[in-house]
Amino acid sequence: MSEPALPGGVERREIDGERRLATRGEPVYGEPTADGWRAWDPERSKLGGMLELGLETGLSGGETVLYLGAASGTTVSHVADFAGPTYAVEFAPRPARDLLNAAASRDRLFPLLKDARKPERYAHVVEADVDAIVQDVATRGQAEVAVRNARFLADDGRLLLAIKARSEDVTAEPDAVFEGALDRLREAYEVLETRRLDRYHEDHLGVVATPK
Ligand SMILES: C[S@@+](CC[C@H](N)C(=O)[O-])C[C@H]1O[C@@H](n2cnc3c(N)ncnc32)[C@H](O)[C@@H]1O
């Protein structure tokens, strides 16, 4: 079976003697580069892990993206290298400072110092009908955040969600945590695919979903 295609603007390039996932742009987190391409480390990025593991993300390049939980911009900087307008929501001021630096060399990356649980606070900025929501907030109530932000997603858009089991409950079995989160998610989304991301991120589930 052939692997799902990578989004346009994401390639496997020879960097530091290895074939690595890469995007074209200014380096952000000390990642190795070659010929203007920057390695995208799946061990530091849930979305990078999802692409490496061959999930059908639906990303083709050039799409409008709402990214929830941008932190200092490791993953969202790669997204903004290949996507169209990329709105990056992060509520912690410290990582947001680094996110602003990553955005300085990317004119399609728009950092928003906002709480992803309160989408009404950025609804006036984010275009309606984004093509993809990428979410990696790693806090309690991860499915709830995705449900609250479903209002921004186009009918045929994709939610690309990473669920961290320990952020919901440190003692529960990860599978039980994931089932609970998926039940909540199904109130607003149809779940298309799920995959454990453990090869790169322990006790994380990658989810691809589309609005119901
Ligand atoms: C695991 S880190 C994200 C890493 C990042 N996605 C990457 O790959 O580069 C989770 C981030 O989500 C942020 N976060 C958690 N809850 C949030 C919320 N309700 N609104 C906005 N950001 C939130 C945290 O401050 C943290 O920076």
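## Reading burial, helix faces and a ligand shell

Q: How do I read Leu6: is it buried or exposed?
A: Leu6 counts as buried, because it has 20 C-beta neighbours inside 10 Å. The general idea is a neighbour count: buried takes 20 or more other C-beta atoms within 10 Å of the residue's own, exposed takes 12 or fewer, and partly exposed is in between, with C-beta atoms placed from the backbone. Bear in mind that this is a predicted model, where local features need pLDDT of at least 70, side-chain atom pairs count only at pLDDT 80 or more, and totals for chains, interfaces and linings use all residues. Residues are numbered from 1 along each chain as its sequence is written.

Q: Where is Leu6, and which residues does it touch?
A: Leu6 is found in the segment before β1 (10-15). Helices (H or I, at least four residues) and strands (E, at least two) are DSSP runs, numbered from the N terminus. Leaving out residues up to four places away in sequence, Leu6 touches Glu11 and Leu51; contact needs C-beta atoms, placed from the backbone, within 7 Å. Leu59 is 53 residues from Leu6 along the chain, yet their C-alpha atoms are separated by 7.6 Å.

Q: How do I tell which side of a helix is covered? Say, which residues of α6 are buried?
A: Look at which residues are buried and where they sit around the axis. For α6 (residues 174-185), the buried ones are Val177, Phe178, Ala181 and Leu185. They lie on the same side of α6 because they cover an arc of only 95° around the axis, the arc being that of the directions from the helix axis to the C-beta atoms. The face turned away from this buried side carries exposed Asp175, Ala176, Glu179 and Asp183. Covering the buried residues are, among others, α4 (142-149), β9 (153-164), α5 (165-168), β10 (189-196) and β11 (204-211).

Q: What does the length of α6 tell me?
A: Compare its reach with the expected span, 1.5 Å times one less than the number of residues. With twelve residues, α6 reaches 16 Å from its first C-alpha to its last, close to the 16 Å expected.

Q: Now α3 (93-104): which of its residues are buried, and which are exposed on the other side?
A: In α3, Ala96, Leu99, Ala102 and Ala103 are buried. Seen down the axis, they fall within an arc of 105°, so they line one face of the helix. Arg94 and Ala104 are exposed on the other side of α3. The buried set packs against α2, β6 and β7. As for length, the end C-alpha atoms of α3 are 17 Å apart, which agrees with the 16 Å that its twelve residues should span.

Q: And how covered is α2 (74-82)?
A: This helix is mostly covered: nine of its nine residues are buried. Thr74, Thr75, His78 and Phe82 are among them.

Q: Which residues surround the ligand?
A: The shell has 18 residues, and the closest are Gly69, Ala71, Thr74, Thr75 and Ala116; "near" here takes a C-beta atom, placed from the backbone, within 6 Å. Two or more shell residues come from each of α2 and β6 (86-90). By type, the shell has nine nonpolar, five polar and four charged residues.

Q: What does UniProt place at the "binding site"?
A: The unreviewed UniProt entry puts that feature at Thr74, Thr75, Glu90, Phe91, Asp115, Ala116, Asp136, Val137, Ala138 and Thr139. Asp115 sits in the loop between β7 (109-113) and β8 (130-135). Asp115 is partly exposed because 15 other C-beta atoms lie within 10 Å. Beyond residues up to four places away in sequence, Asp115 touches Phe91 and Arg121. Thr139, in the loop between β8 and α4, is also listed in the record; with 14 other C-beta atoms within 10 Å, Thr139 is partly exposed.

Q: Which phi value does Asp16 have, and what about Asp129?
A: Most residues other than glycine have a negative phi. Asp16 has a positive phi of about 55°, and Asp129 has one near 60°. Asp16 is in the loop between β1 and β2 (18-24) and is exposed, with 10 other C-beta atoms within 10 Å. Asp129 is in the loop between β7 and β8 and counts as partly exposed, with 13 C-beta neighbours inside 10 Å.

Technical notes: Nonpolar A, V, L, I, M, F, W, Y, C, P; charged D, E, K, R; others polar. Contact = placed C-beta atoms within 7 Å. UniProt positions renumbered as here; feature names shortened; annotations may be inferred.
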